[in-house]
Amino acid sequence: MKGFRGTLAHRFTESPLLQLRLPPWRSRLIAVLILSSFGVLIGRAFYLQVLNNDFLQEKGESRYRRDIEISASRGRIADRHGDVLAISTPMKSIWAIPSAATLTPEQTRQLAALLETDPAQLARKLDTDKTFVFLRRQIPPTVADQVAALKLPGIGQDKEYRRFYPTGDMTAHMVGFTGVDDKGLEGVELAFHGQLLGQPGSRSVIKDRRGQIVEDVGSIKAPRDGKDIRLALDSKIQYVAYSHLKQAIAENNAKAGGIVVLDARTGEILALANWPTYNPNNREKLSGSQLRNRAVTDTFEPGSTLKPFTIALALDAGKVRFDTVINCAPGRLTIGSATIADAHPHGALTVAQVIQKSSNVGAAKIAATMPAQKMWQMFDDVGFGQIPHLGFPGEVSGRVRPWKSWRPIEQATMSYGHGISVSLIQLARAYSVFARDGDLVPLSLTRIDGPAAHGATVFSRQTARDVRAMLEMAVQTGGTAPKAQIPGYRVAGKTGTAHKLEGGRYARKYVSSFVGFAPASDPRLIVAVMIDEPSGGKHYGGDVAAPVFASVMSNSLRTLGVAPDLPLVVAQSAKSPTVKAKL
């Protein structure tokens with residue numbers, strides 16, 4: 001049996017059926033292929049990791065490399081003398097990557113205390129599906145350093161700028177302000193946003209999984225700061241205009257007001273102020289009433305300040321002369337079913353006296369001698385009904401209806417400033433035709449260093465000088481604005497008093513205004529004043545607005561060093577015939 005098992009075992013292992021019939025070269029080929037594959041893998045790894053590691057490095061950096069924007073500083077805004085009105089100061093913004101910002105309750109409290117926010121509110125910001133959130137914008141660098149010292153995961157910071165306005169509410173409506181993203185929202189900040197805004201740069205950094213910068217790779221593009229803007233505004237004149245306007249609003253218990261000061265030679269806006277106003281450095285409680293740049297965005301019926309334009313048109317057309325007599329008795333004029341009346345009845349008045357006494361009847365009779373189309377064209381030529389295009393938000397064109405729809409009574413009322421609306425900046429500019437020799441000067445927000453501007457001719461040289469003499473009479477004794485006089489200077493100007501329209505009806509509320517220029521012998525400045533709804537017992541432009549004009553003009557002329565053109569004794573006793581003779 002034993003022998004039999006041995007025989008079977010021997011035969012089984014040596015059976016030809018169980019022998020491997022593969023050729024010997026095949027196994028060697030497989031071994032070579034396996035070894036070659038390992039060699040290729042090793043070579044490829046060596047190539048990628050040693051000889052050419054750009055590919056793997058790019059893949060790694062794509063996950064952790066970031067291009068960070070480098071903020072550019074917004075350009076400065078300065079007045080004509082270089083005094084800074086708006087400047088950007090370096091600040092920091094604190095941000096978070098919520099998925100990486102795993103803060104303990106104690107860390108949350110510490111961060112909330114530095115950011116001056118509620119810990120619960122901060123926790124809600126971090127508990128979000130967003131990939132990126134701002135925790136606080138524009139904080140001082142010292143506070144940002146304290147945040148960085150906490151070394152909180154997922155919390156980072158970037159450099160940005162915050163706008164600061166050294167002159168505060170005094171120049172708020174002129175300069176305007178920017179938003180948190182450094183975008184101009186009001187005033188010059190908006191009008192010159194494209195020039196003031198810089199071009200941000202960028203740099204590459206490596207961040208870890210928590211968002212922390214671990215390596216600064218290098219700068220890609222350097223930031224380019226914005227362009228500085230030099231305004232025509234004179235800070236000294238602006239202060240005078242602002243302070244006297246504010247005082248007049250308080251004394252007359254008025255709702256609001258505005259003032260504009262122009263350089264008659266260049267058209268530069270030397271001052272522009274409104275009340276109420278606001279502090280652009282702290283706008284938390286800013287209201288619409290404070291924000292309105294009334295000198296540009298609000299319109300009003302200018303009243304008698306428009307009479308000089310009606311008279312100038314008639315003079316140019318040869319309808320009247322300086323001394324033509326107009327019968328204004330008995331102080332009323334009926335046209336159709338409506339009656340026009342003077343504040344004080346007058347008899348026969350010369351054309352010059354129509355301006356001096358501010359006769360509505362006289363202006364209406366003179367307007368009736370001219371075609372409506374000519375009158376409309378004159379309004380258009382001096383800029384009424386047109387947007388000033390200064391770049392301020394909310395600029396208005398005012399309202400001048402098409403001449404074809406005018407009725408005789410409407411043409412009559414427009415001759416003395418009713419049934420037409422203008423902005424204060426439009427009215428101030430229009431008076432440049434009288435302060436100059438009949439041409440309308442373009443306005444400029446920026447300083448003009450070249451030659452004086454030349455405008456389009458509206459009236460003849462002689463007409464402008466004749467109206468200038470009439471406006472000088474209006475400021476003298478016997479006129480409507482003796483309170484506009486300035487010792488030592490010849491002054492020319494016109495008062496305006498108009499009822500306000502409410503619900504389509506004229507209410508017992510007034511807009512008081514005065515527009516004038518000085519020195520009348522060689523006009524340098526134009527000042528326009530508007531007081532809205534004075535309720536302190538006075539409402540005539542000569543009582544409410546003219547004193548503001550006198551104070552602002554007097555101080556401004558002395559600030560500019562403009563020489564007096566009239567001895568003090570003559571300024572107190574000058575009469576209209578003498579005034580005309582000196583022109």
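Tutor: Happy to! The protein has 24 helices and 19 strands, taken as DSSP runs numbered from the N terminus (helices are H or I with at least four residues, strands are E with at least two). This is a predicted model, where local features need pLDDT of at least 70, side-chain atom pairs count only at pLDDT 80 or more, and totals for chains, interfaces and linings use all residues. Residues are numbered from 1 along each chain as its sequence is written, and side-chain values use heavy atoms, leaving out hydrogens and water.

Let's look at H13, residues 307–317. Of its 11 residues, 9 are buried, meaning under 20% relative accessible area with a 1.4 Å probe, protein chains only. Among them are Phe309, Thr310 and Leu313. Across the whole protein, 48% of the 583 residues count as buried.

Now for the partner, H16, which spans residues 372–381. The axes of H13 and H16 lie 11 Å apart at an angle of about 120°, with axes fitted to C-alpha atoms over the stretch in contact and angles running from 0 to 180 degrees between N-to-C directions. The two helices are therefore oblique to each other, a class left over once angles under 35 degrees (roughly parallel), over 145 (roughly antiparallel) and 65 to 115 (roughly perpendicular) are set aside. Phe309, Thr310 and Leu313 of H13 meet Lys374, Met375 and Met378 of H16, where contact means heavy atoms within 4.5 Å.

Finally, just after H13, Gly318 has a positive phi of about 75°.

Conventions:
Buried < 20%, exposed > 50% of the residue type's maximum accessible area, 1.4 Å probe, protein only.
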